[in-house]
Amino acid sequence: VPEDHTMTQTRPTILIADDDPLSRLFVRNALEPAGMTVAEATGGQDALVKFEALAPDLVVLDIMMPDMDGYLTCSRLRTLPRGKRVPILILTGLDDEHSIAQAYQHGATDFITKPVNATILCHHVRYMLRTNNVLHALIRSESRLELAQRIARIGNWDWNPKTNRLSMSNELCRLLGVRPQDFGGTFEAFLNLIHPDDRPVVTGALERLVSQHTPCDIDHRVVLPNGTDFIIHLQAEGVREEETDELTVIGTAQDITERKQAERAIHQLAYYDSLTGLANRVLFKDRLSNALSYAERYHQHLATLFIDLDRFKVINDTLGHTVGDRLLTHVAERLSESVRQSDSVGRHADHEPTHALARLGGDEFTILLTALPTPEDAGRVARRILEALAHPLSIDGHEIFISASIGISIFPSDGATVEALLKNADTAMYHAKEQGRNNCQFYSSGLNAAAAERLDLENELRRALEREEFVVFYQPKLNIHSRKILGAEALVRWKHPKRGLVPPGVFLNAAIDTGLIRPMDEWVLREACRQVKAWETAGLPPITVSANVSNSLFHGRTLPATVADALRDSGLNPSQLELELTESIAMRDVEASVTMLEGLRTMGVRLSIDDFGTGYSSLSYLQRFPLSRLKIDQSFVRDLLTNENNVKITRAIIAMAHSLNLSVLAEGVETEGQLARLREEGCDEVQGYLFSRPVCAEDFEKLLRGDADARTAA
């Protein structure tokens with residue numbers, strides 16, 4: 001038999017077990033010329049010993065042996081560690097089905113009957129060796145592939161879209177938390193393992209692969225049986241089967257949860273400050289760049305605030321870096337709260353929150369404000385920050401007072417690039433330092449002046465309440481027919497020690513912005529009730545007094561208690577007090593407004609809608625409010641004689657009010673012609689400069705006395 005080239009490199013060892021020496025010699029002579037090494041065993045027991053010693057590549061067993069037959073020897077070999085996969089050839093003279101079946105049952109790889117042809121024996125052995133080598137290579141390859149997949153946390157799968165059958169490797173089943181025997185083997189069964197929110201993504205990607213031959217390369221979440229989820233990277237391509245021309249989708253799925261976590265950690269380190277958790281310089285500049293593009297496209301203002309803590313180095317050096325770091329963390333929290341309170345903090349075009357607040361390093365912070373109604377609004381946020389930082393911090397038993405200097409630059413007036421805005425905000429911050437610290441400065445001098453004036457006004461307003469600098473003026477309300485004074489509207493004025501009498505148009509917006517409007521309203525209400533009762537006690541005719549109610553007071557839940565206290569303290573009859581509120585205030589929260597107004601009406605207080613016709617009342621809601629009066633806005637009265645539309649509107653308001661059993665008062669009456677026309681249209685009461693401007697209490701008392709004297713004389 002010619003020598004097999006594949007066996008010349010490593011000579012396989014063949015163990016022949018037979019009690020007949022001639023049979024053993026026959027096997028040796030048949031196999032050794034083919035490049036094999038033959039070892040002999042005289043029986044079954046001897047075969048077991050020599051197998052352990054030699055570790056042969058193949059075993060040839062005779063069935064009929066005296067000490068241990070070939071069947072039992074084969075079984076014993078299979079129990080040995082090296083015998084599980086070794087090929088075993090049975091030589092038997094028993095050519096019957098039972099003997100053959102018994103050979104296979106005991107673990108034989110193949111059999112051959114005696115007498116044996118040397119050439120056939122050699123081919124049998126070589127084929128069995130080659131097959132075993134291929135099998136071992138395949139097993140080794142699969143084992144290594146499975147190990148590699150386990151290490152990489154990756155599994156493979158294939159899907160036939162036509163039959164809908166989907167199979168997964170053992171490793172993929174393990175990754176997905178499902179036992180191979182429990183997996184349904186369909187695309188739907190695979191889809192059920194995917195997070196519900198991600199199923200459309202997976203389905204869409206695989207549908208595109210089938211219809212458009214687009215490779216699938218996506219990330220999605222998988223939900224484990226215990227409810228936890230992790231992230232899978234899914235890849236797949238389509239392959240055409242040569243025999244059937246059917247498309248088979250071959251794919252892999254890898255657990256990339258740790259990689260994603262690492263990416264998030266790297267992103268956190270790259271774009272966020274490790275101490276405070278705020279955005280760092282890199283991320284802030286990126287957000288500012290995006291905001292600039294958006295602001296330029298939509299012609300909006302944005303502001304950059306540069307914040308530097310005052311004397312932080314002294315605190316850091318004196319109390320140590322640990323306290324300094326904790327101080328910076330507390331400052332970051334207060335800045336975050338201040339920014340959240342601002343309606344001016346912007347968002348991206350995709351409506352994701354911007355990283356408006358950042359720590360650039362050390363004790364330097366920056367804030368981005370977008371979509372500003374006016375540039376001056378940035379000053380309001382800066383002042384809120386200064387107020388927030390004014391409260392002392394307690395750290396490790398130390399009470400620490402901190403302040404900041406803030407510089408503000410505005411797009412587009414102070415720069416159109418990231419670098420320009422940051423540089424100019426930094427310049428403005430140093431200007432704030434030069435101004436004595438603990439203040440804010442705009443880069444633009446004009447805005448600085450406006451901001452400074454507004455800040456001074458707000459500070460003076462606070463002191464005005466404490467120093468009782470406010471006074472109440474009264475404007476009479478008259479019966480439209482008799483011109484008899486029926487009541488008065490109480491209006492606040494500011495008697496400034498240096499500016500003189502300041503009209504409300506100058507300070508009311510500042511009062512609203514600073515939250516001072518509520519205590520101001522409460523004071524006016526108490527003072528008006530006290531004054532009207534004092535006139536009545538002095539013998540003057542009883543009148544009603546109306547007080548304006550701001551949004552802050554009406555929706556602040558303290559109005560009923562404030563009214564009750566004012567009536568009790570003054571002794572005024574509730575029916576002599578009228579509360580005026582605008583349509584916009586009443587309609588802000590209709591159900592809450594109805595509840596509030598019903599409670600006030602139960603107290604006996606009158607209620608009216610001021611500036612009617614300029615808001616957005618719904619008549620279906622208006623009839624639910626327990627009102628006594630509507631006031632026609634002066635804008636309709638002003639052009640009453642020249643604008644027919646104003647006449648029609650006024651006529652409609654009066655008719656509607658009377659149908660609801662409400663009286664009507666027109667404000668802003670300045671001429672006899674306006675008065676006559678209002679009288680013709682059926683208006684009930686009037687007020688305006690034709691009769692009197694708002695006057696102080698002393699002058700209003702004179703009007704009351706004159707009116708009373710005139711009626712007495714008549």
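Guide: We may start with Ala449, which lies in helix α15 (residues 445–467); helices (H or I, at least four residues) and strands (E, at least two) are DSSP runs, numbered from the N terminus. This is a predicted model, in which local features need pLDDT of at least 70 and side-chain atom pairs count only at pLDDT 80 or more, while totals for chains, interfaces and linings use all residues. Residues are numbered from 1 along each chain as its sequence is written, and side-chain values use heavy atoms, with hydrogens and water left out.

Visitor: How does Ala449 count in terms of accessibility?

Guide: Buried means under 20% relative accessible area, exposed over 50%, and partly exposed in between (1.4 Å probe, protein chains only). Ala449 has 47% relative accessibility and therefore counts as partly exposed.

Visitor: How is the length of a helix checked, for instance in α14?

Guide: The expected span is 1.5 Å times one less than the number of residues. Helix α14 (residues 418–434) has 17 residues and should span 24 Å; the C-alpha atoms at its ends are 25 Å apart, which agrees. Helix α13 (residues 377–390), with 14 residues, reaches 20 Å from its first C-alpha to its last, close to the expected 20 Å.

Visitor: Which residues of α14 are buried, and what covers them?

Guide: The buried residues of α14 are Val418, Leu421, Leu422, Asn424, Ala425, Ala428, Met429, Ala432 and Lys433. Their cover includes α10 (281–298) and the strands β11 (301–309), β13 (364–372), β16 (404–411) and β17 (440–442). After α14 comes Gly436, with a positive phi near 110 degrees.

Visitor: How many residues of α13 are buried?

Guide: In α13, 10 of the 14 residues are buried, so that the helix is mostly covered. Among them are Asp377, Arg383, Ile385 and Leu389.

Visitor: How is the packing of two helices described?

Guide: Two packed helices are described by the angle between their axes and the distance between the axes. Axes are lines fitted to C-alpha atoms, for helices over the stretch in contact, and angles run from 0 to 180 degrees between N-to-C directions. Angles under 35 degrees count as roughly parallel, over 145 as roughly antiparallel, 65 to 115 as roughly perpendicular and the rest as oblique. The axes of helix α12 (residues 321–340) and α13 come within 9 Å and cross at roughly 140 degrees; α12 and α13 are therefore oblique to each other.

Visitor: Which residues of α12 and α13 meet?

Guide: With contact taken as heavy atoms within 4.5 Å, Val331, Arg334, Leu335 and Ser338 in α12 meet Arg384, Ile385, Ala388 and Leu389 in α13. By class, this contact has five nonpolar, one polar and two charged residues. Here Ala, Val, Leu, Ile, Met, Phe, Trp, Tyr, Cys and Pro count as nonpolar, Asp, Glu, Lys and Arg as charged, and the others, Gly among them, as polar.

Visitor: At what angle do α2 and α3 pack?

Guide: Helix α2 (residues 44–54) and helix α3 (residues 70–79) pack at about 20 degrees, with their axes 9 Å apart, and are therefore roughly parallel to each other. Gly44, Ala47, Leu48 and Phe51 in α2 meet Thr73, Arg76 and Leu77 in α3.
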